[in-house]
Amino acid sequence: MSAESKSQRAYRFIRERIDDGRYVPGYRLVLAQIAGELDVSVVPVREAIRRLEAEGLVTFERNVGAQVALIKETEYLHTMQTLALVEGFATSLTAPYVTAEQLARARAINDEMRRTLDEFEPHRFTELNLEFHSVLFEGCPNPHVLDLVHRGWNRMRVLRDSSFSFVPGRARASVEEHERIVDLIERGADALEIELAARQHRTATLDAVLAYQADHKPAGAPAPEAVTT
C-alpha cells in the first residue's frame, strides 16, 4: 500500500469521526494513537491532519497539538436559522402524505425520547430527534427542499454533536413540542400552522443555546444575534 493511500485512509478515518460526532469540537487528535488504530506510521496521519486543517475542520496550536476545530457560533446560528426555515416548510409539505403508520412511528420514537430524560444522554437524544423528524419530512414531495434539509442536518453534525449537551433542560420541552406537531398533522391542520410549529420548535432550541452562551460568555465578548420567527 502506498503512502498516499495510507494518508487517504487516515483522512477518511478522522473525517468520518468528525462528521458523526465521535470526535467533538475541541477533541484532541493524538497522532500516535490514531496511527496505532490504523496500524500505520504517524506520517500519513500527519498528512491527513494537514488536509483537514486546510479544510478548517482541524486546528493546530503550540503546546496543544491538533484538535477538532471549535465551532464558530455564527455558523451554528446561521445553520440553525436556515434549518428552521427549510425543515418547517418540508414538514408542512409532507404533512398531507404522512400515513397513520408513520404517525404511530413518530409517536413511538418520541415516547422513547421521553424515557431517556431521566438518565439523559445528549448524543442518543439527538439521534432519536433526527429519527423523529425524518419520519415527518422524508416524504417531502419537493426534492430540492428535502436536499436543503439533509444539508442542514449534515452541517449540524459537523458543527455540534448535540445542542442538548449545553441545554439539557430544553429536551423535555422539545418532546412536548414533538407531540403537538404530530397532533397538528394528524388532525389535518393548515399547512402554515404546521410549518410555524415546526419552525418555532427548532428556533426554541436555538434561543436556549444562545441564552446559555450569553450567560457563559467571557466579559467583553459581543452578544449573540437575536432570533426572530
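Which residues in α2 meet which residues in α3? L31, A32, I34 and A35 on the α2 side meet V42, V45, R46 and I49 on the α3 side, where contact means heavy atoms within 4.5 Å.

## The model and its ground rules

This is a predicted model, in which local features need pLDDT of at least 70, side-chain atom pairs count only at pLDDT 80 or more, and totals for chains, interfaces and linings use all residues. Residues are numbered from 1 along each chain as its sequence is written, and side-chain values use heavy atoms, with hydrogens and water left out.

## Overall layout

The protein chain comes to nine helices and two strands. Both kinds of element are DSSP runs numbered from the N terminus (helices are H or I, at least four residues; strands are E, at least two). Read from the N terminus, the order is α-α-α-β-β-α-α-α-α-α-α.

Of the 229 residues in the protein chain, 44% are buried. Here buried means under 20% relative accessible area, exposed means over 50%, and partly exposed is in between (1.4 Å probe, protein chains only). Take the contacts between residues at least 6 apart in sequence: 71% of them join residues at least 24 apart.

## Helix α2 and its partner

Helix α2 covers residues 31–38, and its buried residues are L31, I34, A35 and L38. Looking down the axis of α2, these buried residues fall within an arc of 100 degrees, so they line one face of the helix; the arc is that of the directions from the helix axis to the C-beta atoms. As background, an α-helix has 3.6 residues a turn, so residues three or four places apart point the same way. A32 and G36 are exposed on the other side of α2. Just after the helix, D39 takes a positive phi of about 60 degrees.

Now for how α2 packs on helix α3 (residues 42–54): the two axes come within 9 Å and cross at roughly 115 degrees. The axes are lines fitted to C-alpha atoms, for helices over the stretch in contact, and angles run from 0 to 180 degrees between N-to-C directions. The residues of this contact divide into seven nonpolar, no polar and one charged. For that count, Ala, Val, Leu, Ile, Met, Phe, Trp, Tyr, Cys and Pro are nonpolar, Asp, Glu, Lys and Arg are charged, and the others, Gly among them, are polar.

## Two nonpolar cores

A nonpolar core is a set of buried Ala, Val, Leu, Ile, Met, Phe, Trp, Tyr and Cys residues joined through side-chain atoms within 4.5 Å. The largest one has 23 residues, and M113, F125, F132, L136 and I185 touch the most other members. At least two residues each come from α5 (100–115), α6 (122–137), α8 (170–186) and α9 (191–216), with α8 giving the largest share, six residues.

Setting aside residues up to four places away in sequence, L136 touches A90, T91, T94, A106, I181, V182 and I185. Another core lies apart from this one, with 20 residues, among them Y11, A35, L57 and V58.

## Two residues up close

Q67 sits in strand β2 (residues 65–68) and counts as buried, at 11% relative accessibility. Leaving aside neighbours within four places in sequence, Q67 is in contact with G26, Y27, R28, L29, L57, V58, T59 and E61.

H150 belongs to helix α7 (residues 143–159) and, at 30% relative accessibility, counts as partly exposed. Not counting residues up to four places away in sequence, H150 touches F137 and E138.
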